Amino acid sequence: MAMEKQQAQSPVEAERTRNRRVFVPPVDIFEAKDTTVLIADMPGVCEKSVNITLEKDVLTITGTVEPEQHEGYSCVYSEYDVGDYQRAFSISDDVDKDKIKATVKNGVLRLTLPKAEPAKARKIPVRAE
Amino acid sequence: MLWTEEYRRGSDPFREIQHLRREMDRLFSGVTRFRASDFPPINIWTSGDDAIVTTEVPGLSPEEINISVVGDTLTLSGVRPGQEQEEDKTYHRRERGYGKFSRTVQLPFKVEAEKVDAKYNDGVLRITLPRAEEDKPKKILIKAE
């Protein structure tokens, strides 16, 4: 898709109490040796306004952003809207759920999902009989 | 009025079609509301005396963004860091943009370049551009005879 922000089709099953637009943050997900890393662009959020929940293998990222308001100014040109962020991923069992780490810097969320011990490649010795 | 150069998205075979579609929308819509095809997307706010330009540039630190003002044009440029190239790394999704960007925007009036103020917070850049003194409208007093 192009640069524009994508609006969420159906953010959650339940209706939200905040009457705010909700966007789907673009993400990069890559797998390294022992971890899976998720990076999401969420301009406007800080570590206090981002929320990560893990429930029944569903990892949900939400971020709240206060709308921009400039007293005495009127908007003459607009290419983007400000709103909250939400996106959910289903996580497989081989993630060590207790060791998930999250950081936010310059509006970018970085989630590190370490692989659980049994999921790591294990060499099975073959014995000669 | 607005342009961008060499800005790549992950891998998108429909980019050209999207671009064409947007250009068509632009031609026929005739409204000031654009969908951002260029990075970074910007909003412009004005009062009589100054303008505020806000833009979303996540993932850059303040010193990585170049802002320059000449007359009534504002140029934003920089490089969004690409994927960290490491071995044994497999990508499942690549949706975030990366690469060089440069954008020039024409403002509604000439700007006092010395007094431009820029703040960067949580991936959002906010630039305040005061209107140049010589460009401000002159108030003409009407004298009663």
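## Basis of the description

Local features in this predicted model need pLDDT of at least 70, and side-chain atom pairs count only at pLDDT 80 or more, whereas totals for chains, interfaces and linings use all residues. Residues are numbered from 1 along each chain as its sequence is written, chains are lettered from A and ligands numbered from 1 in the order in which they are written, and side-chain values use heavy atoms, with hydrogens and water left out.

## Chain B

Chain B contains one helix and eight strands, arranged along the sequence in the pattern α-β-β-β-β-β-β-β-β. Helices (H or I, at least four residues) and strands (E, at least two) are DSSP runs, numbered from the N terminus.

Of the 145 residues in chain B, 40% are buried; buried means under 20% relative accessible area, exposed over 50%, and partly exposed in between (1.4 Å probe, protein chains only). Among the chain B contacts with a separation of 6 or more, 58% are between residues 24 or more positions apart, a contact being heavy atoms within 4.5 Å. The chain exposes about 9000 Å², of which carbon and sulfur atoms supply 52%; accessible areas come from the Shrake-Rupley method with a 1.4 Å probe, and for residues only the protein chains shown count as cover.

## The interface between the chains

The size of an interface is often given as the accessible area lost when the parts come together. Chain A and chain B bury about 4300 Å² between them, with 49% of it on carbon and sulfur atoms. This buried area is the accessible area (1.4 Å probe) that two parts lose on being put together, summed over both. Chain A contributes 40 residues to the contact and chain B contributes 49 residues.

Five salt bridges are found across the interface, a salt bridge being a side-chain nitrogen of Lys or Arg within 4 Å of a carboxyl oxygen of Asp or Glu. A:Asp41 forms a salt bridge with B:Arg96, with the closest N and O atoms 2.7 Å apart. A network of salt bridges links A:Asp28, A:Asp41, B:Arg80 and B:Arg96.

## A sheet with strands from both chains

Strands of a sheet pair through backbone hydrogen bonds, either parallel or antiparallel. Here, two strands pair if DSSP finds at least two bridges between them. An open sheet of five strands has the order E7(A)-E1(B)-E2(B)-E8(B)-E7(B), with antiparallel pairing. Strand E7 (74-78) of chain A and strand E7 (117-121) of chain B stand at the edges with a single partner strand each, so one side of each has no neighbour in the sheet. Neighbouring strands of this sheet are turned by 20 degrees against each other on average, direction ignored; axes are lines fitted to C-alpha atoms, for helices over the stretch in contact, and angles run from 0 to 180 degrees between N-to-C directions.

Four bridges join E7(A) to strand E1 (residues 42-46) of chain B, and these strands run antiparallel. A:Tyr77 stands opposite B:Ile44 in E1(B).

## A sheet within chain B

Three strands of chain B form an open antiparallel sheet in the order E3-E4-E6. Its edges are strand E3 (65-70) and strand E6 (99-106), each with a single partner strand, so one side of each is left without a neighbour in the sheet. Neighbouring strands of this sheet are turned by 15 degrees on average, direction ignored.

Six bridges pair E3(B) with strand E4 (residues 73-80) of chain B in the antiparallel sense. B:Ile65 stands opposite B:Gly78 in E4(B).

## Salt bridges within the chains

The structure holds 14 salt bridges over all chains. One of them joins A:Arg21 and A:Asp81, whose closest N and O atoms are 3.5 Å apart. A:Arg21 lies in the loop between strand E1 (6-7) and strand E2 (22-24) of chain A, and A:Asp81 in the loop between E7 and strand E8 (84-90) of chain A, so the pair ties together parts 60 residues apart in sequence. A:Arg21 is partly exposed at 39% relative accessibility, while A:Asp81 is buried at 15%.

A:Lys115 forms a salt bridge with A:Glu31, with the closest N and O atoms 3.1 Å apart. The pair links distant parts of the chain, 84 residues apart: A:Lys115 is in the segment after E10 of chain A, and A:Glu31 is in strand E3 (residues 27-31) of chain A.
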